[in-house]
Amino acid sequence: MPLDENNLLGKIMTQHPSFTRGGAVTKKRSVLKRHERVDLLKKRGQLADPEKVLGLPKTRPEE
């Protein structure tokens with residue numbers, strides 16, 4: 001099947017504006033990645049077992 005302007009397969013999909021990052025004010029993330037949580041818990045002295053990375057307590061990011 002040839003691709004032309006009347007064929008939907010030939011059209012380029014657009015990206016929703018919420019997925020773009022360029023220049024817009026971004027909201028601060030409320031969820032930390034695992035390595036960020038481990039670093040923050042170490043800094044606060046709340047990491048019970050430094051080798052254990054599963055089952056970490058919930059942690060709010062620093063303000």
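The following exercises, with worked solutions, concern a predicted model.

Residues are numbered from 1 along each chain as its sequence is written, and side-chain values use heavy atoms, with hydrogens and water left out. In this predicted model, local features need pLDDT of at least 70 and side-chain atom pairs count only at pLDDT 80 or more, whereas totals for chains, interfaces and linings use all residues.

**Exercise 1. Overall composition**

Task: State how many helices and strands the protein has, and what percentage of its residues count as buried.

Solution: 
1. The protein contains one helix and zero strands; helices (H or I, at least four residues) and strands (E, at least two) are DSSP runs, numbered from the N terminus.
2. Of its 63 residues, 13% count as buried. Buried means under 20% relative accessible area, exposed over 50%, and partly exposed in between (1.4 Å probe, protein chains only).
3. The accessible surface is about 6400 Å², and carbon and sulfur atoms hold 55% of that area; the areas come from the Shrake-Rupley method with a 1.4 Å probe, and for residues only the protein chains shown count as cover.

**Exercise 2. The segment after helix 1**

Task: Classify Thr59, Pro57 and Leu54 by accessibility, and describe the surroundings of Thr59.

Solution: 
1. Thr59 is found in the segment after helix 1 (34–44). Because its relative accessibility is 12%, Thr59 counts as buried.
2. Beyond its neighbours within four places in sequence, Thr59 is in contact (heavy atoms within 4.5 Å) with Leu32, Arg37, Leu40, Leu41 and Arg44.
3. The side chain of Thr59 also reaches the backbone oxygen of Pro57 at 3.0 Å.
4. Pro57, in the segment after helix 1, has a relative accessible area of 43% and is therefore partly exposed. Residues up to four places away in sequence aside, Pro57 touches Arg37 and Leu41.
5. Leu54 lies in the segment after helix 1 and counts as exposed because its relative accessibility is 56%. Leu54 and Arg34 are 20 residues apart in sequence, with a C-alpha to C-alpha distance of 9.0 Å.

How values were computed: A polar contact is a pair of N or O atoms within 3.5 Å; within protein, one must be able to donate a hydrogen and the other to accept it, and residues adjacent in sequence count only if both atoms are side-chain atoms.
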